[in-house]
Amino acid sequence: MKKIISALTLGAMVAGAAFADVGVTLNYRQRATLLSHNNEYGTTDEASKILFTDAYSGAGTDNLGIKLDGDIASFAITVVGDEATTSKLRTKTLGADLQIGKVGLFAGFWADGKVKGAYRNKADVDAGNIEGMDFEFKKLGSAFKGSPSFFVDNIVLPVNVNASESYAIGAKYNIRNFKACKLEVNGVYISNEKSDESASKSSGNLQGHTLVGLVEANTAYGSGEFVFKYGQSEYKKDNKYTDAMAFGAYLQPKIMNNLTATIGGAGSVVDGDFTDWSADLRLYYKMGALSFTSFHSYSALVDAEESINKLNGKKNETTKGIADNAAVTNGKHGGTTVKRDSVLTNNLMVRYKVNSKFAVYGIVADMIGLGENGGKKLADKDGKETTDALIQLRASAWAQFYAGGNSISVGVVYENYDVAETYGDSVQNIAIPMIFRVKM
């Protein structure tokens, strides 16, 4: 697979370089916490642990991008500093595109994913410097990290979402023969270059290979996409990796001017069993200098006890940052593990652009554990068992200052790990972060 990608990349570089516009970009982002205080941990390093973190990328780092862009071919590479050490660099994106008539070919790997950004319903200008933990801590699809439908419309993410070194090669074809509808068909093959050698010998296959199909339709009434994935999961049966499927469909109807809406859902099948499903609703409305962004999502396991082993055993580990340990209890640096078989997330952001140099933001987000294992089990006076939901909250206010392509954001963030004190006195955290960004 690496050889195929290398050949296509080299061809794209040669074809692109002959006629290309060469671009070099630098995107530097650094986040620093000026103050962090936790009512349990105090102002120690442990107080920097935050509730809603970004499950899809690391902390802000240097991003050095180089792109050769031609009429028939293009090549792009992004190099970043390794988060684990300051003395090494790693390649974050290495992609090549080749256009032959109506057929487009692409190959490479994309650490941040390859996805139709429109369905995220996220305006980058509104996101500003703010990172995923503050603005979009969950993508479309399941909130459960072990689910094949996690970040489901990322066409270069295999159904084994924990697979490392996933390389992809694919093609897309535009069909414009329909007067009322334009179709784009994508087909992708993903390989996982790292495999469990002993298991691969017993199963005859490498772990993590996935086939992906995505169809997008655009009409006068809106657009929609359907994605389907089929491949090997991490779940083993009789010492062999089992098959898994993921599917998702999202619509973006044209409702009214200045309002964009995304609605849809996804599901997963592992070893022939329907394991989990999710639903998403996203709204974006702009009115002059004022804009509103609203994300809502619900994810659930079909059977909390049976399904979870097939989702890589991650019963409690939902979208990274939904705490399932001491942070949600009344402390003592330990406590009862919180189990969830369903979770509801909501995220509302309001932005006001004061002028070309200054903007202010307000964000409120919550995560609510629901279902049989959603919170703490209680018994009423008649002995009937009920469950108190676990409600977790993050609220923040930001000011952003612009200077050309550069900007500085300063905010105040408040987090409450157990709003209803389901598990006793809640752990709370307040922090003052600053994000510095340079674009060239």
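# Exercises on a predicted model

Ala-420 sits in the loop between strand S18 (406-416) and strand S19 (428-439). The structure is a predicted model.

**Exercise 1.** Find out whether Ala-420 counts as buried, partly exposed or exposed.

*Solution.* 
- Step 1. Take the relative accessibility of Ala-420, which is 48%.
- Step 2. Recall the cut-offs: buried is under 20%, exposed is over 50%, and partly exposed lies in between.
- Step 3. Ala-420 therefore counts as partly exposed, because its relative accessibility is 48%.
- Step 4. Now look at Ala-389. This residue is 31 residues from Ala-420 along the chain, and their C-alpha atoms are separated by 8.1 Å.

**Exercise 2.** Trace how S10, S11 and S12 are joined.

*Solution.* 
- Step 1. Start with S10 (residues 240-253) and S11 (residues 259-270). They run antiparallel, joined by 8 bridges.
- Step 2. Inspect the turn. S10 and S11 form a hairpin with 5 residues between them. Asn-258 in this turn has a positive phi of about 70°.
- Step 3. Move on to S12 (residues 273-287). S11 and S12 also run antiparallel, with 12 bridges joining them.
- Step 4. Pick a pair here too: Leu-259 has Tyr-285 in S12 as its bridge partner.

**Exercise 3.** Describe the largest cavity and its lining.

*Solution.* 
- Step 1. Search the whole structure. There are 3 cavities of 30 Å³ or more.
- Step 2. Turn to the largest cavity. It holds about 60 Å³ of space.
- Step 3. List some of its lining residues, among them Phe-135, Lys-138, Asp-280, Arg-282, Phe-295, His-296, Thr-345 and Asn-346.
- Step 4. Assign elements. S12, strand S13 (290-301) and strand S14 (342-355) each give two or more residues to this lining.
- Step 5. Sort by class. The lining has 3 nonpolar, 5 polar and 4 charged residues.

**Exercise 4.** Decide where the predictor's confidence is highest and where it is lowest.

*Solution.* 
- Step 1. Take the whole chain. Its average pLDDT is 75, and 68% of the residues score at least 70.
- Step 2. S11 has the highest confidence, at 94, while helix H3 (residues 197-203) has the lowest, at a mean of 42.
- Step 3. Check residues 195-206. Their pLDDT is below 50, and the stretch has 15 contacts in the model beyond near neighbours in sequence.
- Step 4. Check residues 53-60. Here too the pLDDT is below 50, and this stretch has 26 such contacts in the model, again beyond near neighbours in sequence.

Technical notes: Residues are numbered from 1 along each chain as its sequence is written. This is a predicted model: local features need pLDDT of at least 70, side-chain atom pairs count only at pLDDT 80 or more; totals for chains, interfaces and linings use all residues. Side-chain values use heavy atoms; hydrogens and water are left out. Two strands pair if DSSP finds at least two bridges between them. Helices (H or I, at least four residues) and strands (E, at least two) are DSSP runs, numbered from the N terminus. pLDDT is the predictor's confidence in each residue, from 0 to 100. Contact means heavy atoms within 4.5 Å. On a 1 Å grid over the protein atoms alone, a cavity is a set of points where a 1.4 Å probe fits but cannot get out, and a pocket is an open set with protein on both sides within 12 Å along at least five of seven lines; lining residues have an atom within 4 Å of a point. Grid points are joined across faces, edges and corners, and a volume is the space filled by probe spheres set on the points. Ala, Val, Leu, Ile, Met, Phe, Trp, Tyr, Cys and Pro count as nonpolar, Asp, Glu, Lys and Arg as charged, and the others, Gly among them, as polar. Buried means under 20% relative accessible area, exposed over 50%, partly exposed in between (1.4 Å probe, protein chains only).
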